[in-house]
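Hi,

Here is the structure I promised to pass on.

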Amino acid sequence: MNIRTRLVAGSLSGLAVLAGAVAATSPAQAADAAHSARSAHSARVAAAEPVVQTGTLSADAALKIADAVLKEAVKQKQRVSVVIVDRSGATRLVLKGDGAGPQTEESARRKAFTAVSFGRTTSELGKGITGGGPSIADIPGTLFLGGGVPVASGGAPVAGIGVGGAPSGDIDESIAQAGLKAVAGQLR
């Protein structure tokens, strides 16, 4: 929808609300209709703001997550890498655990990217990929193996945790969940 179409649509909806105010049978109804028109206009203006504020996982929280991930990996006797990405998929932290293989960093990065992109764990997303046709698995940079966990604040994903290196995605995911648990009480 182009700007001209939105302006015309907004003007028409404003006129419709105004017409309702004029047709109202009492002053109270007219005032309610006028208030509704102002509220609708305010909502349109707010939606058109040129700057949108989004939440970002702090560096401190990313470090807490990574520390918890590596501690859990040691506890489970796994050699993994952890990658944390922000909402846009940009890498915020990479930590390769002792003895982690060369493939673990890229695997973890792609799992983190996938989790934050779709706001769901990669194991959950992987269950939905079936058939031979095009699917979300064709999106570059994604990986639908277990081990990717989204970090949400205010109901929206703000980061993704990816863990790679364990012999199964279920183990990677349980380790990533330990990282999320380390900051879960601090997320709004």
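Below is what turned up, going from the whole chain to single residues.

Before the details: this is a predicted model, where local features need pLDDT of at least 70, side-chain atom pairs count only at pLDDT 80 or more, and totals for chains, interfaces and linings use all residues. Residues are numbered from 1 along each chain as its sequence is written, and side-chain values use heavy atoms, with hydrogens and water left out.

The protein chain has 6 helices and 4 strands, taken as DSSP runs numbered from the N terminus (helices are H or I with at least four residues, strands are E with at least two). Reading from the N terminus, the order is α-α-α-β-β-α-α-β-β-α. Of its 188 residues, 32% count as buried (under 20% relative accessible area with a 1.4 Å probe, protein chains only; exposed is over 50%, partly exposed in between). Take the contacts (heavy atoms within 4.5 Å) between residues at least 6 apart in sequence: 61% of them join residues at least 24 apart.

Now the hairpin. Strands β3 (residues 148-153) and β4 (residues 156-164) run antiparallel and are joined by 6 bridges; for strands to pair, DSSP has to find at least two bridges between them. V151 stands opposite A159 in β4. The hairpin has 2 residues between its strands, and G154 in the turn has a positive phi of about 65°.

There is 1 aromatic pair in the structure. F118 and F144 form it, at 6.1 Å centre to centre with 50° between the planes, which makes it tilted (ring centres of Phe, Tyr or the six-membered ring of Trp within 6.5 Å; planes under 30 degrees apart are stacked, over 60 edge-to-face, the rest tilted). F118 sits in helix α4 (residues 104-118) and F144 in the loop between α5 (122-127) and β3, so the pair ties together parts 26 residues apart in sequence. F118 is partly exposed at 30% relative accessible area, while F144 is buried at 13%.

Finally, E173 in helix α6 (residues 169-183). E173 is buried yet has no salt bridge, and the nearest side chain of opposite charge, K127, is 7.7 Å away. A salt bridge here is a side-chain nitrogen of Lys or Arg within 4 Å of a carboxyl oxygen of Asp or Glu. What does the side chain of E173 make a polar contact with? The partner is the side chain of S123, at 2.6 Å (a polar contact is a pair of N or O atoms within 3.5 Å, one able to donate a hydrogen and the other to accept it; residues adjacent in sequence count only if both atoms are side-chain atoms). Beyond its neighbours within four places in sequence, E173 also has contacts that include T121, G146 and V149.

Cheers

Technical notes. Lys, Arg positive; Asp, Glu negative; His and termini not counted.
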